[in-house]
Amino acid sequence: MHIQEVYTRFCLPKTLQEHMIRVAAVADIMIQHWMWPQVDKKLILLAALLHDLWNIVKMDFSLHEEWYGHSLFYRQQKKEETKQKYWNACHEATLAMVRELGIGNDVIAIIDHMGVRSFMEEEGPWETMFVRYADMRVNPWSIVWLDERMSEAHERYKTTAYWAKEPLWTTILQHAHEQEEQLFQHIHLLPEQITEQSTKIIQEQLWKFVF
C-alpha cells in the first residue's frame, strides 16, 4: 500500500499529512546517522507516518480553511464521520484506524506508547523512542528545536490538557530532554542539524513510501 492511499482513505488534510511526513523525515535522518544498536527502519518510518491519523478530529477548520482544501462543510462532515466510526478519543481511534489497515502489532505498539503516560514508564524499545522524539521535533508547520516544539504544544494545550499543567508538565519536559540526550549518544549528528532544509530530500522521498 502507498502512504498516499492511506491519507486519501482517511480524508486527511494536507497539513496533517505533512506533519507525519516531517516526523518520519526526522526519524529517517536519525536512522541514517545511527551507530548502534541495530534498529528496524521500516518499523520506525511506518509508525511515524501513521501515528496521528485521527487528528483530523482535533482540527478547527473554520480558523484556517485555506490550509485544508475542499469546503468547510466537507471537512466538518469527514470529521464527524471519523468520530462516529473510530471513537471520540484520539489515541484509541488512531489505533483502530491502524488496525483497519492490517498493520502489524509491532507498529501498533509504538503508536500506543507515544501517549503522555509513556513518559512516566520505563523506556521501551529504541524504535519507540525514535518516533516519540521525532514527533517532539515537529510543530504544525515545520521541524523545530525541541524546546520550541514543546513550548508551542504547552501554549496550545495549557488550558485544556491535564498534561500541560504543573507539576506534570515540568516532568514531561525533563524527560523529553533526557530522551534527546540518550538518543544522540548513539547518533553521529547533532540535534540542531535536523532541520527543514537538511530533511528536504527525505521528505520528498517519503511521499512515495510503500509498505
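Student: At roughly what angle do the axes of helix 3 and helix 8 cross?
Tutor: This is a predicted model. In it, helix 3 spans residues 41-50 and helix 8 spans residues 126-135. Their axes come within 9 Å, and the crossing is right-handed. The angle is roughly 35 degrees.

Student: Which residues of helix 3 and helix 8 make the contact?
Tutor: Contact here means heavy atoms within 4.5 Å. From helix 8, the contact uses Glu127, Phe130 and Val131. From helix 3, the residues are Leu43, Ile44, Ala47 and Ala48.

Student: How far does helix 10 reach from its first C-alpha to its last?
Tutor: Helix 10 covers residues 168-184, which is 17 residues. At 1.5 Å a residue, the expected span is 24 Å. The reach in the model is close to that, at 25 Å.

Student: Where around the axis of helix 10 do its buried residues lie?
Tutor: The buried residues of helix 10 are Trp169, Ile172, Ala176, Gln179, Glu180, Leu183 and Phe184. Around the axis they cover an arc of only 115 degrees. They therefore lie on the same side of helix 10.

Student: Is Pro37 buried, partly exposed or exposed?
Tutor: Pro37 sits in the loop between helix 2 and helix 3. Buried requires under 20% relative accessible area and exposed requires over 50%. Because its relative accessibility is 30%, Pro37 counts as partly exposed.

Student: Which residues does Pro37 touch, not counting those up to four places away in sequence?
Tutor: One of them is 89 residues apart from Pro37 in sequence, yet 8.7 Å apart C-alpha to C-alpha; that is Trp126. With the other included, Pro37 touches Trp126 and His186.

Student: How many helices and strands are in the protein chain?
Tutor: Read along the sequence, the pattern is α-α-α-α-α-α-α-α-α-α-α. The count is 11 helices and zero strands.

Student: What share of the residues of the protein chain count as buried?
Tutor: Buried means under 20% relative accessible area. The chain has 211 residues, and the share that count as buried is 50%.

Key
Residues numbered from 1 in each chain as written. Predicted model: local features only at pLDDT ≥ 70, side-chain atom pairs only at ≥ 80, totals over all residues. Heavy atoms only, no water. Axes fitted to C-alpha atoms, helices over the stretch in contact; angles between N-to-C directions. Helix = DSSP H or I, 4+ residues; strand = E, 2+ residues; numbered from the N terminus. Left-handed = near helix turned anticlockwise from the far one by under 90°. Expected span 1.5 Å × (residues − 1). Buried < 20%, exposed > 50% of the residue type's maximum accessible area, 1.4 Å probe, protein only. Arc of directions from axis to C-beta.
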